[in-house]
Amino acid sequence: MGGGSMPEEGGRGKRKKSLDAVINVIPAIDLLSCCITFLLYTAVWTQIARLQVQQLGAGAPEPETTEQQKALMVTLSMGERGFGLSTSSGTSIEIPALGRGGDGAIQFDLRALDEKLKLLKNDHPDQAAITVSAEDTVSYGDLVQVIDSCLAAGLVAVSVTGV
Amino acid sequence: MPIVQPGKRPAPRFLRSKVFGGKMMKGRRGVNADLNVVPMVDMMTMLVIFLLQQFSATGEIIFMQKDIKLPEARHGQMIEVAPVVAINATEIAVTGQKVAEISDLESDAGYLNIPALEERLRDEKKRWEFIHQRDPSQKWDGLVNIQADRKVPFRIVKRVMYSCGVAGYFTINFAALDSGAGLAAAVPGASPESG
C-alpha cells in the first residue's frame, strides 16, 4: 500500500508519526457495484450493423448525384447466372456463379466481384453510385454481401431495385 | 452475544493499543482479520471500464430473434433508431407486431405492395410527425430498418421495400451482423445521400 516514511530527525525521544493512511474503500466498492449492475443491465452484446441503401421506383425521390455520376451509371445485376457489371460507358463484365451449394442456394463469386469493383473504382475514383439489380430468387444474405462488397470498394451510394 | 467471563473488558481500541504494550490482550490473539479488498476493487474497475466500452446510449434497437439469422457484413455503420421491419421464414412484423404472413404473400405474387405493412408504417410516420410537430429542426428522413433472415428471397424483400416507399420510408437500412473491425459512425460522404 502506498505509505511513506518520515525523514530522519535529530531528536532522540521523538516518536515518528506514521504517514500511512487507511482509505475507506467501501463507498468505492458500493459505487462500482451499482455501476456494474447498471451497465450489465443496459449492455448491448450483439453488434448489428446497417447497410444503407436507396430504393429506386415506388415514387422515391431521385438520389442527389453529381454531374460525373450522372455521366456514368454503374449497374450490377445479380441472378441465377451470377453477376453482370455494366456501365453506361459501354463496359460489360460477366462474373458467372460458382454453382449451387448443398442447400440449393446460388454460390456467387464474391472474390471476383470485389476485384472488378476495385478496378472500376480505380478507373473512376469519383464514382460513388451503383445500382444493384437483383432477381427474385436472390436471397437477402447474398444481397447484403454484394452491398457490403460495393461499400468495400468505395461505392457508397447503393441503390437497390428489382429486375 | 457470546457468554464471556466477568472481568475487565476494555474497548478494542485499548485492547490493541501500543501504550499498554499488549497487556490487555492477556495472551489472546485477535480474531479480527483484515480483508484485502484492493484486488476486488481492481477487478471491479476493469469490469466497469469494459462495460462502459460496450455501452450504447441508444440501447438495443434491433433484438435478435431465434428465427432470424442475419447475414454478416464488414463495412456497415452503426444502427440508428427507426421502425424495424422483421422478416422471417413465416411472417413479417413491424416493431414486434405481425402484419403479414409469407404464405399469403406467395399466393398473391401479382401484387407488389403489402397493405397491412403500409398502414402500420403510415401510423409510425404519423406518430413521428405528431411528436416532432413543434420541432421544425427535425426533418423527416424516411429511415426504416429491415431485419430479414439470410434465406428470405428478394421477391419478399422487394415487396417490403416497395411498401416502405409507398408509406414514405425511402431510406432503407439492411441489418447485418457486424463482422468487421468495429462499426463506423455515420460520417458525411459515407452515406448514400451525400453521393
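## Burial and fold of chain A

A residue counts as buried here if 20 or more other C-beta atoms lie within 10 Å of its own. By that criterion, 28% of the 163 residues of chain A are buried in this predicted model.

Chain A contains four helices and eight strands. Along the sequence, these elements follow the order α-β-α-β-β-β-β-β-α-β-α-β. Among the contacts in chain A between residues at least 6 apart in sequence, 63% join residues at least 24 apart.

## Helix α3 of chain A

Helix α3 of chain A spans residues 110-123, a run of 14 residues. The distance from its first C-alpha to its last is 20 Å, close to the 20 Å expected at 1.5 Å a residue.

Which residues of α3(A) are buried? They are A:L113, A:L117 and A:L120. Viewed down the axis of α3(A), the buried residues fall within an arc of 60 degrees and so line one face of the helix. An α-helix has 3.6 residues a turn, and therefore residues three or four places apart point the same way. On the other side of α3(A), A:R111 and A:N122 are exposed. The cover over the buried residues of α3(A) includes the strands β2 (74-79), β3 (82-87) and β4 (92-96) of chain A, together with the helix α4 (140-152) of that chain.

## Contact between chains A and B

The contact between the chains draws 51 residues from chain A and 53 residues from chain B. On the side of chain A that touches chain B, at least two residues each are supplied by α1 (26-42), β1 (48-55), β7 (129-134), α4 and β8 (157-162) of chain A. The largest share, nine residues, comes from α4(A). By residue class, this side of chain A divides into 31 nonpolar, 15 polar and five charged residues.

Strand pairing also links the two chains: β1(A) and strand β7 (residues 171-178) of chain B pair in the antiparallel sense over seven bridges. Within β7(B), B:A175 is the bridge partner of A:R50.

## The largest nonpolar core

The largest nonpolar core has 67 residues. Those with the most contacts inside this core are A:I147, B:I87, B:I146, B:V157 and B:V160. Helix α5 (residues 154-166) of chain B contributes the largest share of the core, eight residues.

Leaving aside residues up to four places away in sequence, B:I146 touches B:V85, B:I87, B:V157, B:V160, B:I172, B:N173, B:F174 and B:A175. One of these, B:A175, is the bridge partner of A:R50 in β7(B).

Key
Residues numbered from 1 in each chain as written. Chains lettered and ligands numbered in written order. Predicted model: local features only at pLDDT ≥ 70, side-chain atom pairs only at ≥ 80, totals over all residues. Buried ≥ 20, exposed ≤ 12 C-beta atoms within 10 Å, placed from the backbone. Contact = placed C-beta atoms within 7 Å. Expected span 1.5 Å × (residues − 1). Arc of directions from axis to C-beta. Nonpolar A, V, L, I, M, F, W, Y, C, P; charged D, E, K, R; others polar. Pairing = 2+ DSSP bridges. Core = buried A, V, L, I, M, F, W, Y, C linked by C-beta atoms within 7 Å.
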